[in-house]
Structures are given as structure tokens and as C-alpha cells.
Amino acid sequence: MKKVKAMPATRVFRLHEHEAQTDRVRLNPNLMGEGGFSRNDLISIKNKANGKKTFAYAAGAGEDYKLFPTTIALSYDARLRLDVTTKDTHDLELKTATFFERELFYLFHQRDHSARRAQQYSVQGWMLGVLGLVIALIGMAPS
């Protein structure tokens, strides 16, 4: 996975109604592709003014949106989580989510209940495996 440097965003637009239920951020095409974000990358969006953060999947703006390079389109829920409005300018930072941020997103923030539950079972399985290994090693130690 390539490392994308943090990119700024100053303006926020609304996503269209048919996309509002998805965890998606629409970006200017200049921020996508070579040297930028890949399609469906999980992006961490941080509001530097108040420290609030949210996550969304990257998507290009296409012809439906007329976005400037420092403008993004977010859903209503994402705008609430970041505490931003569409009328003001903001100091937002966009970067690719780290491994731990992705895992926490999949564990707690997915809309699909079955996918979230599967991720939780996976974590529980790893914890039980490590616990079993520790108990086995303690049992093998001389008393």
C-alpha cells in the first residue's frame, strides 16, 4: 500500500441524496490516482480546528460534482462528526488511514451488521488463540 502524504481541504460540499447513506468522500480528480488516493481507499479526515476525526472511502468527483482541488463532498453524518458546515471554510486534513484505524473502522463503524460481527468474531478468535498459547506455555514451565 502506498503512503499518501496528508492533503488539505478547505471547503465541504454535500453528497447527492442517492449517495448520502454511504461512507464515501468525493474528491477532486487531481487528488486521485498517481501520487494521490486510490479509489475505495479508507481515508482519515481530521478537522484540525477541534481535533474531531471521521473515516470515509475515497471516490473521484466525476461529472456530477464540480470540486476544486481543496474541496471535498461529505455526507450529512460525516459533516456532523467533523462539526463542519458547507457555508464556511475549514482546515481539514485528509490522509490514508493507518492499519489500526482501518481495523477499528471495520470493528465499530461499518453499516453492515454482519460484516461488523464477523470482524468482532475474528478479533475474539485471535484473542482466544493467544490466550491458549499463553496457557500452554505456562503449563509446560517447570513447577
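Tutor: We shall go through the confidence, the sheet, the helices and some loop residues.

Student: What is the mean pLDDT of the chain?

Tutor: This is a predicted model, and the mean pLDDT of its chain is 81.

Student: Which elements have the lowest and the highest mean pLDDT?

Tutor: Strand 1, residues 7–9, has the lowest mean among the elements, at 78. Strand 4, residues 42–47, has the highest, at 89.

Student: How do strand 2 and strand 6 run, parallel or antiparallel?

Tutor: They run parallel and are joined by four bridges. Arg11, for instance, has Thr71 in strand 6 as its bridge partner.

Student: And strand 3 with strand 6, parallel or antiparallel?

Tutor: Strand 3 (residues 24–27) pairs with strand 6 (residues 71–74) in the antiparallel sense, over two bridges. Leu27 stands opposite Ile72 of strand 6.

Student: Which residues cover the two faces of strand 6, and are they buried or exposed?

Tutor: Thr71 and Ala73 lie on one side, and Ile72 and Leu74 on the other. All of these are buried, and both faces of the strand are covered.

Student: Which residues of helix 2 are buried?

Tutor: They are Glu101, Arg102, Phe105 and Leu107. These buried residues pack against strand 4, strand 5 and helix 3.

Student: At what angle do helix 2 and helix 3 cross?

Tutor: The axes of helix 2 (residues 99–108) and helix 3 (residues 113–140) cross at roughly 120 degrees and come within 7 Å. The two helices are therefore oblique to each other.

Student: Which residues meet there?

Tutor: From helix 2, Glu103, Tyr106, Leu107 and Phe108 meet Arg116, Gln119, Gln120 and Val123 of helix 3. The residues of this contact divide into four nonpolar, two polar and two charged.

Student: A change of topic: where is Thr10 found?

Tutor: Thr10 is in the loop between strand 1 and strand 2. Its relative accessibility is 31%, so Thr10 counts as partly exposed.

Student: What does Thr10 touch, leaving out residues up to four places away in sequence?

Tutor: Thr10 touches Thr70, Asp88, Thr89 and His90.

Student: Lastly, what is the phi of Asn40?

Tutor: It is near 70 degrees, a positive value in a residue other than glycine. Asn40 lies in the loop between strand 3 and strand 4, and is partly exposed with a relative accessible area of 42%.

Student: And what is the phi of Asp83?

Tutor: Asp83 has a positive phi near 60 degrees, and is likewise a residue other than glycine. Asp83 lies in the loop between helix 1 (76–82) and strand 7 (92–96).

Definitions and conventions: Residues numbered from 1 in each chain as written. Predicted model: local features only at pLDDT ≥ 70, side-chain atom pairs only at ≥ 80, totals over all residues. Heavy atoms only, no water. pLDDT = per-residue confidence, 0-100. Axes fitted to C-alpha atoms, helices over the stretch in contact; angles between N-to-C directions. Parallel < 35°, antiparallel > 145°, perpendicular 65-115°, else oblique. Contact = heavy atoms within 4.5 Å. Nonpolar A, V, L, I, M, F, W, Y, C, P; charged D, E, K, R; others polar. Pairing = 2+ DSSP bridges. Buried < 20%, exposed > 50% of the residue type's maximum accessible area, 1.4 Å probe, protein only.
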